[in-house]
Amino acid sequence: MTTVSAVRTVAERLDYLLLADEGAPARCAGDLRAGIVQLRSDLSVIEKFLIEADGSNNIINGDFRKRVTHLAYEIEDAVESYARQEAARKSSGGLIISYLLEYCFTGRSLHKDLYIFRSRIDQLKHFMDAVNPVARAGTRERSSSSNSDEQEQVIGANTDHPRPVLIGMEENKETLRSYLLEGGKPELSVIAIRGMGGIGKTTLVKLLYNDPLLVKHFDNRAWAAIGQDFQARDILETMLLSLASGLLSKNEIAEMETMELMEQLYQAQKGRRYLIVLDDLLSEEAWDNLRFAFPDDCNGSRILITTWSIRVAAIATDVLEVRPLGMAESWQLFKIKSELDDPDHIQHIAADKMEVIGKEIVGHCAGVPLAVAVIGGILRARNLEYWDLILHKLQQDFQHLHEDFQRTVKSVLHTIILSYKELPSHLKPCFIYLGHFPPDQAISVEILYLLWMAEGLISVRDASDKARIEVAEDYFNELVNRSLVIVEEQDQASSSRRLFKSCQVHDLIRDLCEWKGTREEFFQVIDFGPGNKKSSPTHRVAVYLNKFEDGNNFSVNVPEAKHIRAILFFDTDKSLPRSTWPREFSDLKGFQWTRVLNFDGVDFRARKLPTGIEKLVYLRYLSFRGCYLLEFPSSLSNFPFLETLDLRVRVSCVITIPNVLRKLSRLRHLYFPLAFRSDTKDKLKLDCLKKLEILENFNASICDADDLLQLENLQILTGIVDGHNLDLKNTISSLNRVKLLGRSSIVVKNFDSYSVERLSIVAALLECNALNTLDIEGYIGELPLHREIGSNFTELVFNGSEFRQDPMPVLGKLPNLRSLVLCNDAFVGKKMVCCELNFPQLRRLKLATLHLIEELEMQTGALARLTILTIEQCDRLEMIPYKLAGIPTLTTLMIGSMPEGFQNGVNKLIEEMRESANDELTVTFYDC
C-alpha cells in the first residue's frame, strides 16, 4: 500500500526534525515542537488505521487514500522547507537572507502549515470514526494475526534461494535437445518455443543453454532478450559483446554504427557453429531487423526463439509447443516453492491438512508454472490458517469461471494480483517501483536499493543496528523468496557483500506493477507511444525517451508538476540521439519538490541538459549512469539534501568534474566514473563529506588521498592509484585508519618496484588488513611470506610481477582468497605447485600469458572449492592437472589459445570427469 509508505516516510522525517544528528533536541521548541509532536502522533494513528484496513475496499475508498497521500507529501515538503531554513541560519549572512526571502516569498510558515495540517487531519479522523467499528475490528483481528508475522518474516529473511527448477518438462527438454544436437540438418535452423506467458519457456531454454553437451557442441553462444520495446542496436551490442569478448572492447562496440555492428556480428559467427537465443521475440519486424546478422555455413548452427505469437513461431523450421503442467507436476513444483516438505517450516501436526488445502490451491493455477511458483512463494513458511484464507480467496474469485482458456489466463493474472495483495504493507511500494524500469531490461539491484532509500521506502524502524542498504537487501530477498523477481546472483568469487547483481521481472508481473502504480497515482510511465498522449495525476514519472521524436506533441499536466517526487529518464536507443526534450521536461524548475532525478543512458552531446535542475533543492538522488556527459555543471552542487550522486557515465566518455563536490555535505553515496578529470590542476577535495558511506572509482591522481581520513563513516571504497609513491602511501594510511570500512578494492597501475622504497610500499599494501581486493600492475620480483600478507584479501590480481619463486605456496595459505589472477609473466619460473589443502576458499583461478611455465602440479586437497579455471596463452604448459577431476565444485574450464596437445589433455579430463558423474562441467576453447 503506497499510502502507508507515504505516511511512514513523513513520520520519520518528523522524527528527524525533532532530533538532531547527534541525538540532541533540535531547535524547534515550545509551541512549534508541541505541534510537531502532536502531528507525529496523529500520523501514527492514521498509519495504524491504514494497515488494519489494508485490502478492505469497502472500508477505505480510493479517495480517502489519495487525500492521505497528498497530505503526507505536503507535510514532508513543509518539514524540509523548515529544515533548509534552519540550515541556512548556520551559513553566511547572505545565504540566510536569500533562504529566508525565498521562504517568506512562498508564504510558508511552519506554524501556519501545522494549523492547516491539523484541520485536514481532523477531517480524516472524522471519516475514520464513521467507519463501521465491527468491520474495523474484523480487519484489526485479521491484521494482528498476519501483518506482525509478515514484518518478522521479511527482516533477516532466508537468503538460501533455490536455483530454477524444471518440472514436468523433461520431454520438452529432450525434444529441444534433439532439435539442437541431432536434427540432421546442417543448414541454419530456427527453432521456436511457443506458449502463453508464465508457462516456462525461458526457464526451459536457460537450463538447456548451459547444458554441458550444448556448450561443447557449439563454438559460440549468445543470448538476447528482445521484448516489446525492441531496439535493434541494443540487441546487436549484447550479442557482439558475448561473441567477440576479448577481441573487441565494450568501448569499441559502443562507438560502432548499427550497420557496422551487424557486419561485425556476422563476421564473429562466420565459419563457426553458433547457438543464438532470442528470448521473448514478439514481432516479425524484430526478426527481419536481425536475421541478416546470422550466416548459414551449413555447419549445424541454431537459433532459438521464445514467443507467445503464432505468427512469429511460423518463421521457424521447428516449433515446440509448451503446454500447462499436469496436476502431479504442479504439485511437485508447489511443494518446492512453498517448502511444504521442510520440517523446519511446517509443523508435523498440520502437514496433512496443509497438503489437502495445497492441492486445492494448486488446482486453481491451471498448470501454469509462474502461477504455481508465485502462490507457493506467498505460502512459504506460513501457518495453516493462512493457507486456508488464501484458498478461500481463490475459490471466491474462480467460482464463475468455466471455459478452460479463460480459466488458464485468469488464473495467472489473479495469482499475481493475489501475490501483491498478500505482501506486507512496507513491501508493496518497493514491489510496484519495479514498474518504473523499461520492459526486458536488467535492473541493477544496488541502484534499486538506492532509489528505494531516496524515496523513503526503506523504513529506519527496520534498521536497528543495520545500515539502510542492508534493510533494502532484506526487503528484496523477500521478493525473491516469493518468486516475484528473477535474479542474477553475484559471482561467488566476487568480493561484493551483495547477494545479487541484477534482476528482471516477468512481463505479466511488470504489467501489474505499472497498472497498480498508475491506479494508485504512485507513478506513471510516459513512453510517447499510441494511447499515451495525456498524463494522469501522479507523484512520479518514468519517461522513455527512446520513443520520443523531435516535435512530438505530447502534453503533460503541468499544474501537477509541483506534486512530482521523482523523474526517471530512460533512453535505451543509442543509435538515434535526439536534439530536443519533450516540451514539459525541457525546463525542470517547476518540479521544485522532486527528490529523485535519474538520467539513464541519455546522450547529452545532442540533447543538452534540461535547464532548471539547480532549482531542485530537495533532491536526494541524482544519477547520470550510462549517459554521455562531458562536464558536470558546478551549479549542481547546491543540493543540501542530496544523498546519492552517480557519475558513472559511459566508458567512452571522459567527464570533467569541477572542485565543488565538497559542498554536498549530506552525500552518502558517491560514484565516480572510470575515467574523469578535474577542471583545474588542483585535486578534487572530498574532506567535507563526513557522512559518505560508499565511494567508488576514487582516483588518487585526481582526488586528494588525504581526504579519505576525514570520511569517518566510509564503509565501501574502490579506487585507483597510478604509480605515485605519496598517493599510495596516503591511501594505505587512510585505509588502515578508517574504522567502519567493510569492503575496499584498490587498482595500482604502473608501479614497478625496483627501489627499496617502492618494495616497502608494496609490502605495506599487501600487509593492509583493510583491503579485500588488490589489482597491482608492475614488477615486484619477490612475494612476502604469507604471514606478512593481510588475511582479509578475497581477490588478488598480479600483472607483470615477475615472481622468480612460485607464489602459490604463499598465496595458497590466505584463508579468504576467492579469486586469483596471474598474468603477463607474473611468474617467470617453470613449475607451479598448488600445495596440499591450500586455497581452501578459492573459486576462480586464471593463469594468462605466463610464457615460461611448463608444469602445473596440483596436490591432494588443493583448490577444494574451485568453480572456474581459466588458462590462456601459456605456450609451454603441456598438461592440465588430472587431479582437477577430483574437485566436485568445478563447473567451467576456459581454455584460450593453448597448444593442441594441451587441448587434447583437457578433452580427456572432461571425459574422465563425466564418467565420474560430474555432468555440470563445461569447457570453452577460444582464440585470444
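Predicted model: local features only at pLDDT ≥ 70, side-chain atom pairs only at ≥ 80, totals over all residues.
Which residues does Thr572 touch, not counting residues up to four places away in sequence? Select Thr572 and display its surroundings: the residues in contact (heavy atoms within 4.5 Å) are Gln231, Asp234, Pro438, Gln441 and Asn546.

Residues are numbered from 1 along each chain as its sequence is written, and side-chain values use heavy atoms, with hydrogens and water left out.

**Stop 1: Thr572**

Remain at Thr572, which is found in the loop between strand S11 (566–570) and strand S12 (596–600). Helices (H or I, at least four residues) and strands (E, at least two) are DSSP runs, numbered from the N terminus. Thr572 counts as buried because its relative accessibility is 15%; buried means under 20% relative accessible area, exposed over 50%, and partly exposed in between, with a 1.4 Å probe and protein chains only.

**Stop 2: the whole protein**

Zoom out to the entire model. The protein has 928 residues, of which 55% count as buried, and it contains 27 helices and 29 strands. Among contacts between residues at least 6 apart in sequence, 68% join residues at least 24 apart.

**Stop 3: helix H8**

Select residues 201–209, which form helix H8. Which residues of H8 are buried? They are Lys201, Leu204, Val205, Leu208 and Tyr209. These residues lie on the same side of H8 because they cover an arc of only 130° around the axis, the arc being that of the directions from the helix axis to the C-beta atoms. An α-helix has 3.6 residues a turn, so residues three or four places apart point the same way.

**Stop 4: salt bridges within helices**

A salt bridge here is a side-chain nitrogen of Lys or Arg within 4 Å of a carboxyl oxygen of Asp or Glu; by this rule the count comes to 41. Select Glu355 and Lys359, whose closest N and O atoms are 3.4 Å apart in a salt bridge. Both lie in helix H16 (residues 348–363), 4 residues apart, about one turn of the helix. Glu355 is partly exposed at 32% relative accessibility, and Lys359 is partly exposed at 38%.

Next, select Glu514 and Arg510 in helix H23 (residues 507–519), again 4 residues apart, about one turn of the helix. Their salt bridge has its closest N and O atoms 2.9 Å apart. Glu514 counts as partly exposed at 23% relative accessibility, whereas Arg510 counts as buried at 6%.

**Stop 5: a link between loops, and a network**

Proceed to Asp707 and Lys685, whose side chains meet in a salt bridge (2.9 Å, N to O). This pair links distant parts of the chain, 22 residues apart: Asp707 is in the loop between strand S18 (694–699) and strand S19 (716–722), and Lys685 is in the loop between strand S17 (676–678) and S18. Asp707 is buried, with a relative accessible area of 4%, while Lys685 is partly exposed at 25%.

Finally, select Glu76, Asp77, Glu80, Arg565, Arg595 and Arg620, which are linked in a network of salt bridges.
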